Each structure stands twice: as C-alpha cells, then as structure tokens.
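Subject: Model for your review

Dear colleague,

I am handing over the structure that we talked about, with notes on what was found in it. Please look through the model first and then read on.

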Amino acid sequence: MTKAKQKLKPDVVLKKYWRDNGRFADLFNAVLFGGRQVIRPEELEDVDTVESSVMEHGKHVESIQAVRDNMKVRKRSTVYGTEFVMLGNEGQEHIHYAMPMRVMGYDYGSYKKQYDSNAEKRRTRDGMEDDEYLSRMKKNDKFAPVITVVVYYGEKPWDAAVTLHGMLQIPPELKGYVNDYKILLVEARNNDLFFHNGDNADLFQLLGILLDRGISRKEAREKAIQYSKEHQTDRSVIMTVAGVANARIDYNIFQNGGAGMYSVFEDAINEGKAEGIIESCFEFGLSEEDIRERLQRKLNISFQAAQKYMNEYKKQTI
C-alpha cells in the first residue's frame, strides 16, 4: 500500500492542539501565574471564535469580522455569584509588526459582542434611568474581562512591538495621554515558562530544539528524535511539532504508535540527506538510474522511496 504523506498546516494543528482544556489551562497558568494552578481545565468552556461588529462614523458604515484561533471562557462559582473570564489564544508563525493593534482588535470584538448581547436585553426603559437607556447598559452591568496570549512559533527572534506605543511616533510631552495596549507574547523557540502539563513541556522543548538556528537542521532533527524517545512524547504532540516545523507527515506511522512515531523526524532527516546526494550526483553528471541506486545504498531505502525523493527534488528545481 502506498504511504499517504501530507503536509500539515501549522494553523490547523495548533488550533486542534490548544482545543484541549488541560493544555489550554496549563498555558495560561504558565504565562499569567508562573505555573501556579489557578485556572482549572474543568472551569473552561469553548466559545465562538468569530468576532464581528459594525463600525459607524458619520455616513460611513463598515462591518468588521475577525476569527480567533481559540477562545474559551473560564466560569467558576464565587461567594458573589458566577465569575467569567474570556481567554483567547493566537498562534503566530511569522513576525507581525502590527500585532498589538491586531490583538486590540480581537479583544475589542470580544467586548463588543458582550455589549451587543447585553444591549438586546436593554431595549425598553423598564427599570432604567435615561442615561442607562441611551447607553443600552445599566450602571451595574459588567462584562467579562478578555485576556489574549500570543504564541510565536517562528525561527527568528521576535523584533516587533509588543505594545501599541511601540508602533506609534508619540511626542514625549503627549506620551502620558496616549492610551497604550500591550500583548502577552510567548516565543516558542526561547522561553522560561514552567509547565505542569507534560504535552506542553514536550511541545515547547521540541520546538526549542527544532527552531534553534545555532545548530544544523540534521542535528536538530536527531536531537528531537532522541528527546521524543526518552520522554515517550505523545503522538499528537509530535504531529503538532511536525506541522509547525513544516515537516511532511506519513500518517501510516501512527497506526501502531510507539517508536514508529519518531520516523516523523527521521523521515525529515532522510529528505535532507537525499537532497544533498541528488544535488551532488547531478553536479557530477550521473544518470538518474545511478542516482537512484546511490540513494538506495546510502539511505538503505527501497527503489520506490528513492524515486519519490527524485521526484520531489525535480519538483523543487523546476
């Protein structure tokens, strides 16, 4: 049977990974509370990730829609009733130089959605003062706070602003009067977060290895394999790491689990070796038949696998 390889999209695998309440809660506990177990998985509920609103200015009306990666509400009972906090997670593969403004837009959308929902209940004057009725909001109405964590999965160090002020040219005498907006940024390649969840610990350790620009790609893959074997890394974590690192995935290797999962990384190593072999052979004028034979011998692979590497190489050089 032919092995079906597919390239996983980073945004898809990351959304699926963080959908798990245990991992999600652990991330926020690590970022907000230094690892203290303040947010519990059982307190979290998924909410709609689409934030849409209508902005009006004079005669100009514009609809705005933004889709978050993951959004959950933390709901727990307190002596004062029920407490709600909205938690958003955004994955970023590339540096975004307008990220503070982008996050501000996401958060505004979450607040606007709460306001609109509340305003629907305040359409009549029943029990409201004039100012409350005009506001469509009673003086004692409160909304749930919104906290967004951005996780950056790129190889380069983040060099963009992490505050709105960092995006603005503000005269010094006016700086104190311009409202700021900061983002909570986590760099997957380099952070000192403390995780209780084993999957999260493995995810960030492996990404730290694979995104390390100080070592060769081959060395990084080999270190990732060794780490995964020693820590018996979960299949879903390996799939997520492979997706973020843009490695091709052979889904058949996951059928039996165990050591087979590590061939995700081994396959990537072979791809790198194969590319080097093919390129060198072409430079020396060897035929495709000779190159296939050399691939089979050097990598200990089948004729079909060698041909697949040949086809992939030719696609890249067209």
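How many salt bridges does the structure hold? The structure holds 14 salt bridges, a salt bridge being a side-chain nitrogen of Lys or Arg within 4 Å of a carboxyl oxygen of Asp or Glu.

Before the details, a word on the basis of these notes. This is a predicted model, in which local features need pLDDT of at least 70 and side-chain atom pairs count only at pLDDT 80 or more, while totals for chains, interfaces and linings use all residues. Residues are numbered from 1 along each chain as its sequence is written, and side-chain values use heavy atoms, with hydrogens and water left out.

Overall picture

The secondary structure comes to ten helices and nine strands, where helices (H or I, at least four residues) and strands (E, at least two) are DSSP runs numbered from the N terminus. Of the 318 residues of the protein, 40% count as buried; here buried means under 20% relative accessible area, exposed means over 50%, and partly exposed is in between, with a 1.4 Å probe and protein chains only. Where contact means heavy atoms within 4.5 Å, 62% of the contacts between residues at least 6 apart in sequence join residues at least 24 apart.

Strand β6 covers residues 81-92 and includes Asn89, which counts as buried at 2% relative accessibility. Beyond its neighbours within four places in sequence, Asn89 is in contact with Trp18, Phe24, Leu27, Phe28, Asp69, Asn70, Val149 and Val151.

Glu90 pairs with Arg68 in a salt bridge whose closest N and O atoms are 3.9 Å apart. Since Glu90 lies in strand β6 and Arg68 in the loop between β4 (60-67) and β5 (70-78), the pair ties together parts that are 22 residues apart in sequence. Both Glu90 and Arg68 are buried.

A salt bridge also joins the side chains of Arg74 and Glu83, at 3.5 Å from N to O. Arg74 counts as buried, with 9% relative accessibility, whereas Glu83 is partly exposed at a relative accessible area of 28%. These two residues belong to a network of salt bridges that links Glu43, Arg74, Arg76 and Glu83.

Helix α9

Helix α9 spans residues 288-299, and both Glu288 and Arg292 lie in it, four residues apart, which is about one turn of the helix. Glu288 and Arg292 form a salt bridge, with the closest N and O atoms 4.0 Å apart; Glu288 is partly exposed, at 31% relative accessible area, and Arg292 is buried, at 16%.

Which residues of α9 are buried? Ile291, Arg292, Leu295 and Leu299 are buried. Seen down the axis of α9, the buried residues fall within an arc of 100°, so they line one face of the helix, the arc being that of the directions from the helix axis to the C-beta atoms. On the other side of α9, Glu289 and Arg297 are exposed. Just after the helix, Asn300 takes a positive phi of about 55°.
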